[in-house]
Amino acid sequence: MTAAGAQVAGIVDGVDLLDRGLVLLTPTGRVEWASALARRWFASYFGTERADDGCLPSPIARWLDWHTH
């Protein structure tokens, strides 16, 4: 593992340990990574729509699209 990879792994672990909701998106709006809390919120508020498949729940994706275009 590279030094940068180790730093990213440490940040990811820290976000989950602190129980924070964080979603990292690619430039095209696909979910690159979501913390455990963010995934629980997606499941709780949007039912079966989760970030596990790389997509934001539809209402969030529409909101993001509206605010970025």
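Which residues form the largest nonpolar core of the protein? The core has five residues, namely Val 31, Ala 34, Ala 38, Phe 42 and Leu 56. A nonpolar core is a set of buried Ala, Val, Leu, Ile, Met, Phe, Trp, Tyr and Cys residues joined through side-chain atoms within 4.5 Å. Strand β2 (31-34) and helix α2 (36-46) each supply at least two residues of this core. In soluble globular proteins, nonpolar side chains tend to be buried together.

**Basis of the report**

The structure is a predicted model, in which local features need pLDDT of at least 70 and side-chain atom pairs count only at pLDDT 80 or more, whereas totals for chains, interfaces and linings use all residues. Residues are numbered from 1 along each chain as its sequence is written, and side-chain values use heavy atoms, with hydrogens and water left out.

The pLDDT is the predictor's confidence in each residue, from 0 to 100. Its average for the protein is 82, and 88% of the residues score at least 70. Two elements mark the ends of the range.

| Element | Residues | Mean pLDDT |
|---|---|---|
| Helix α1 (lowest) | 3-17 | 72 |
| Helix α3 (highest) | 58-68 | 91 |

**Overall architecture**

The protein has three helices and two strands, which run α-β-β-α-α from the N terminus on. Helices (H or I, at least four residues) and strands (E, at least two) are DSSP runs, numbered from the N terminus. Buried residues (under 20% relative accessible area, with exposed over 50% and partly exposed in between; 1.4 Å probe, protein chains only) make up 17% of the 69 residues.

**Helix α2 and its surroundings**

The buried residues of α2 are Leu 37, Ala 38 and Phe 42. Seen down the axis of α2, they fall within an arc of 140 degrees, so they line one face of the helix; the arc is that of the directions from the helix axis to the C-beta atoms. These buried residues pack against β1 (23-25), β2 and α3. Just after α2, Gly 47 takes a positive phi of about 70 degrees.

Ser 35 lies in the loop between β2 and α2. This residue is buried, with a relative accessible area of 0%. When residues up to four places away in sequence are not counted, Ser 35 touches Val 15, Asp 16, Arg 20, Gly 21 and Leu 22. Contact here means heavy atoms within 4.5 Å.
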